[in-house]
Structures are given as structure tokens and as C-alpha cells.
Amino acid sequence: MGTFIVNNNAARRNLNQSAPHPRFDSTTENQAINIFQDTDSGSYLMCGAHRHANGSTGGSCEPRYGEADCAHQDNTMFHAAIVALDRFYGDAPWTHLQWHGNVTCPPHQMDVFGSQGFNATQPADSNVASLRDLMAINQPDFRFQLTGPGAACNLNGTDNVQGRYLNRADNICLSNAGGKPTNKFVHLEQSVNIRRGGASVWDLSVSQNWPIP
């Protein structure tokens with residue numbers, strides 16, 4: 001189960017805002033739906049269960065994670081919705097943003113850690129890097145780091161099944177082998193500090209990074 005909302009009249013039809021870990025990643029479910037509304041995005045997606053609802057390991061796709069962990073399993077409504085969206089857009093550009101929360105990335109060094117699902121330097125056309133640059137202008141009090149050499153966080157989304165799928169990995173339950181950044185997947189790990197600001201911290205930068213066509 002879960003929640004999937006589509007706005008057929010959205011100005012930004014090519015954006016999906018999502019919360020794969022409601023309650024566990026505290027407040028991200030509210031943050032994501034508010035960003036969906038504030039930026040007039042095309043869709044909102046929320047996992048229907050706490051990620052540890054049926055244990056913390058033993059899933060059929062990624063056994064290191066639980067069966068209910070939507071970001072790491074491929075037999076959930078959450079993942080099925082991403083597959084359906086990708087088929088709907090076809091060759092047209094679109095982006096699935098996953099809003100996460102964490103307390104493990106060093107809070108004295110960063111408030112956001114951004115990735116496309118790879119432990120590597122962002123490519124030149126990365127929409128994660130351009131989002132970081134906009135946040136530096138619009139929200140200079142928050143520190144936004146990216147994946148790459150010397151990164152102080154290892155939550156780079158390499159285990160994320162939707163990221164592997166959208167980056168066209170050969171086997172989404174094993175690794176990123178064969179995949180490459182497509183700008184269809186944005187993985188954002190947030191500190192407690194920035195999550196307290198809710199959607200308003202992000203609305204302007206998201207709107208500018210994905211302008212109305």
C-alpha cells in the first residue's frame with residue numbers, strides 16, 4: 001500500500017516528489033507533499049509503511065533491508081509507481097526526487113548530501129549539482145555537499161532500487177553495474193536541522209532548478 005497523487009494540470013508535470021521512509025525519516029512525508037503542492041509538481045509518492053514494519057532485513061530484492069523498505073525493494077507499490085511514471089514519460093525528461101532524513105552524516109559539516117545514486121563526482125550536467133548551487137544562493141545558512149572524492153558522508157544512494165532502475169542498471173537488485181547518471185533520480189539526505197524548515201527551505205530552489213517548460 002501507499003499514496004500516489006497525480007496532478008494532471010501541474011505546471012511542472014515532469015517532477016515527482018516522494019517520501020520513501022515516512023515516519024522513520026521524520027517529517028519527510030509532510031515535506032515532500034508540501035513541496036509537491038508549492039512547486040506545482042506532477043506527482044507525489046509516499047511509501048505505505050514504516051521501513052521496519054516487517055523487520056529490518058530479509059527483503060527479496062535487497063536482503064540487507066526489510067521487506068517494507070520501499071527504497072530498497074522492487075515488489076512494492078512505490079517501485080511500481082516509479083516504473084509506471086517512467087513508462088508514461090518515455091523519452092521525455094523527468095525527475096524522481098527522494099526526500100530522506102538522516103542523523104549519521106556529520107551535522108557539523110553538512111545539512112544536505114546529494115546524489116544521483118553513485119559514489120562518484122557529479123557529471124557536468126547534474127541537476128543535483130545545479131540544485132546545490134541554487135541552494136547556496138537561496139539558503140546560504142545550510143551546507144549542501146555532493147558525492148565524490150573526500151565526501152564526508154557515505155549515504156550516496158547506491159543501494160537505492162529506484163535509482164538503479166532509473167539509471168538503467170543491468171540488475172537493480174544487485175548493483176549499479178551498467179548504469180549511469182540520467183538526471184532522472186535525485187537522492188537527498190537531510191539533517192534534522194534543515195528538515196525543521198520544511199518545504200519552504202526548498203521551494204524556490206526546486207522551482208528554479210526545474211523551471212516551468
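**Reading loops, burial and overall fold**

User: Where is the place of aspartate 40?

Analyst: Aspartate 40 lies in the loop between H1 and S3. Keep in mind that this is a predicted model.

User: How should I read phi there, and what is its value in aspartate 40?

Analyst: Start with the general rule. Most residues other than glycine have a negative phi. Now the case. Aspartate 40 has a phi near 55°, a positive value in a residue that is not glycine.

User: Is aspartate 40 buried, partly exposed or exposed?

Analyst: Use the cut-offs: under 20% relative accessible area is buried, and over 50% is exposed. Aspartate 40 has 30% relative accessibility, so it counts as partly exposed.

User: What is phi in threonine 27?

Analyst: Threonine 27 has a positive phi of about 75°, and it is not a glycine either. Its place is the loop between strand S2 (12-19) and helix H1 (28-38). Its relative accessible area is 33%, so threonine 27 is partly exposed.

User: Now a loop residue with another reading. Where is the place of glutamine 73?

Analyst: Look between strand S3 (41-47) and helix H2 (77-89); glutamine 73 is in that loop.

User: What does the side chain of glutamine 73 reach?

Analyst: For a polar side chain, look for N or O partners within 3.5 Å. Here the side chain of glutamine 73 reaches the backbone oxygen of glutamate 62 at 2.9 Å.

User: Which residues does glutamine 73 touch?

Analyst: Leave out residues up to four places away in sequence. Glutamine 73 then touches Gly59, Ser60, Cys61, Glu62, Tyr65, Gly66, Glu67, His79, Val161 and Gln162.

User: Let us step back. How many helices and strands are there in the protein?

Analyst: Count 6 helices and 7 strands. Along the sequence the pattern is β-β-α-β-α-β-β-α-β-α-β-α-α. The radius of gyration is 16 Å, close to the 17 Å that the globule rule gives for 213 residues, so the protein is as compact as a globular protein of that length. The C-alpha trace spans about 45 × 40 × 35 Å along its principal axes.

User: What percentage of the residues count as buried?

Analyst: Of the 213 residues, 54% do. Then read the contacts. Among those between residues at least 6 apart in sequence, 73% join residues at least 24 apart.

User: How far apart are the mean positions of the positive and negative charges?

Analyst: Compare the two mean positions. For the 14 positive and 18 negative charges, they are 1 Å apart. As for the surface, the accessible area comes to about 9,300 Å², and 52% of it belongs to carbon and sulfur atoms.

Key
Residues numbered from 1 in each chain as written. Predicted model: local features only at pLDDT ≥ 70, side-chain atom pairs only at ≥ 80, totals over all residues. Heavy atoms only, no water. Helix = DSSP H or I, 4+ residues; strand = E, 2+ residues; numbered from the N terminus. Rg over C-alpha atoms; globule rule 2.2 N^0.38 Å. Buried < 20%, exposed > 50% of the residue type's maximum accessible area, 1.4 Å probe, protein only. Contact = heavy atoms within 4.5 Å. Areas by Shrake-Rupley, 256 points an atom, 1.4 Å probe, with all protein chains shown as cover. Lys, Arg positive; Asp, Glu negative; His and termini not counted. Charge placed at Lys NZ, Arg CZ, Asp CG, Glu CD. Polar contact = N/O pair within 3.5 Å; in protein donor to acceptor, adjacent residues only side chain to side chain.
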